[in-house]
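Please consult the sequence and the coordinates alongside the text.

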Amino acid sequence: MTTTAPVGEKNLRDKTSRLHKPQRRGLLDLGGARGAVTAVWIVLVLLYIFILIFRPGLAQLSSVQTIVVLAAVTAVAGLGQGAVIFTGGIDLSIPWIMSSSAIVFASIAQGEDGNLIVALLAAVVIGLLLGLANGVGVTRFGIHPVVMTLAVSAILEGGALGWTGGLVTGSPPPIVALFMRGDAGSFPMVIPALLLLAVLVSFVYRQTRYGRELQAVGLNPTASRLAGVHSKTIITSVYAISGVTAALAGIMLSGLAGQSYLGMGDPYLLTSVAVVALGGASFAGGRGHFLGTLGGALLLSALITVLMTFQLPEAIRTIAQGSVILIAVIAAKVGVRPGKRKNSDGIKSFRRSREKAIL
Amino acid sequence: MRALYRPGLRLLESGLAVPLLFVLVLMTIYVSASPNALDPSQLKYTVINASLTLALAAAGLAIVVLIGGLDLSSAGVIAVTNALLTVNYGGSVANQFLWIGIAILVGILSGLFNGLIVHVFQLEPVVVTLGTSFILGGFALLILPKPAGLTPVEGFSPIAFMTSDIAGVPIGLLVLLTITAGWLLMRRSRFGSQLMAVGSDKEAASNSGVRVGLVSIGGFGVAGGLYGLAGIAITSQTSGGDPNLGSSYLLGAFAAVVVGGLKLGGGRGSIIGAILGAVAVTIVINVLFVLGFASFWSTIARGVLLLLALGVQSAITVLLLRRRRGQSITVGGLS
């Protein structure tokens, strides 16, 4: 606030702030998702204890590393999905943005480290443009997010098949594989990078103007537009972010797999939505945080690895992931209800204290 | 005011003009590209039977769209019913009918499950149906791990009957006409008008005594039953099963619903539109095939058609709105 408030109002604010304890404003203020995010990390710890007791082989450093690296791809894809879901939309084009940008990445890089920058830029720009196309369709033409992203996904699917002719072309540079898998015995750099990303996203979400405006749009697009936020631009940007993160996830996956191929992103439609759901996000928008998505990605990755040790067919894995989505959204919904009441109590107590201050 | 009752404008308002136009224009292109396309047997294979599965899936999706929801579970239901039929079908006629009944029942039950979860927990239908779709797809993979053919049946087989004909009239056409008649009856029934009321304005419907929850759960159930029928139709068409087949119908069903003039968000459109939309989508694919385009173009075409139809439909809405404004009639609900 740069404008000087009238004296009376200033006094009032001083009084109310003393009466009403201000909320925490640090990086860890997760808004409405606090309970769900805490819950997902607690479940993760419980699952780790379960693994320690029943599957000690999985608790080794190398296995844990694999679980985290697999989770990193899902978490990056889930970052964009989560941002879109935060505004009440959904992005069904993530799998094919992943596949097509990974294919472009591999065919430009041709397995040479020297081509890394060009290939990376090309793939990210493709993701950005596709995401922007989604965003413009949704905000400027008023197309439903499901329809818009489904259409883009279909165009990409056909386009990728036509462009490659179904063949595997090119290969990702070795440095990406090193980044994802690490050298024999060494630590893959993707894990610290993921931590850095989590800190960065938390910072942007909480401390920057963009993050605040995004929260406002997620909670109530109309009200935030009336308050002077460019809602449409914010929503468009969210789809662009989703396009870029999908491209990055595709590149990470191609590093992990050692090649890019058609349909490599297919499983990520389910997993990107599942990890956001596990993170306690509301699919009507306005609630969710990347720390929840990250916890959800680690949890899902660990869960799948545990399931794999039971030698179950792949079909069971799909069923389990589908059930995880349903259980997570139901649990988040049921768990949030008392929280909401608390929130409105808080507003009431604030009003009461304000009335007192005026009197 | 009188102008509103002119048949042309009424057609435009019902949203059926666009799918009819699409079908006519595409059919003209198709016939000019492949002259014997109007031959009855050709028509049966390339238009009626080829669009039967899609039309049934689109009709199901249309019901959910009419009540203001979205349903991604068609792929899962089609996959699981297709797998169930492929593995268990055969034996006596009674047994065959039993499994057809089971397939429809599975569809209805999964639809009711979707509706129940969406309503009881007040969740977004998109995420719930995405979850159930994958669960059902997983079950399909469990039942039928890899594509297989249908065991041939001695004598009468209701599944093969679905894509054959009586005295030159394709059964597929009769199925679609039955669905259309069912829709027209339902539209005039209490359930039908409640369905439209819920889709137009949930709160107003609830205030006027409509039990919104029951109606939307019922709508999801009917949609599931239609997906089950679509699963039977695809089994009949390919006389085999493929656990990964369902996913291509998801995009097609959305394209058909949008071409068919249904308003996403509910309350406007009809199942007839969705069926016509499905026929239009199928003819587009036929035209591309006849013109010698590679198969990947048909996927692209479905996506482009989806966006194109949206553009045409919204242009018509704007046109109607402007006309009405000129007559100074207040418009509610069209925004």
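## Packing of two helices in chain B

The helices α5(B) and α6(B) cross in a right-handed sense; a crossing is right-handed if the near helix is turned clockwise from the far one by less than a right angle, and left-handed if anticlockwise. Helices are DSSP runs of H or I with at least four residues, strands are runs of E with at least two, and both are numbered from the N terminus. Helix α5(B) spans residues 93-120, and its axis lies 10 Å from that of α6(B), at an angle of about 145°. Axes are lines fitted to C-alpha atoms, for helices over the stretch in contact, and angles run from 0 to 180 degrees between N-to-C directions.

From α5(B), the contact is made by B:S110, B:F113, B:N114, B:I117 and B:V118, and from α6(B) by B:P125, B:V128, B:T129, B:T132 and B:L136. Two residues are in contact if their C-beta atoms, placed from the backbone, lie within 7 Å. By class, the residues of this contact are six nonpolar, four polar and no charged. Ala, Val, Leu, Ile, Met, Phe, Trp, Tyr, Cys and Pro count as nonpolar, Asp, Glu, Lys and Arg as charged, and the others, Gly among them, as polar.

## Basis of the model

The model is predicted: local features need pLDDT of at least 70 and side-chain atom pairs count only at pLDDT 80 or more, while totals for chains, interfaces and linings use all residues. Residues are numbered from 1 along each chain as its sequence is written, and chains are lettered from A and ligands numbered from 1 in the order in which they are written.

## The contact between chains A and B

Chain A and chain B each give 34 residues to their contact. On the side of chain B, the elements that give two or more residues are α6 (125-143), α12 (247-259) and α14 (296-326). Helix α6(B) provides the largest share of that side, 13 residues. The side of chain B that touches chain A comprises 25 nonpolar, seven polar and two charged residues.

B:I217 belongs to helix α11 (residues 212-238) of chain B. B:I217 is buried because 21 other C-beta atoms lie within 10 Å; the cut-offs are 20 or more for buried, 12 or fewer for exposed, and partly exposed in between, with C-beta atoms placed from the backbone. Leaving aside residues up to four places away in sequence, B:I217 touches B:L112, B:G115, B:L116 and B:H119.

Chain A has 14 helices and zero strands. Of its 359 residues, 46% count as buried.
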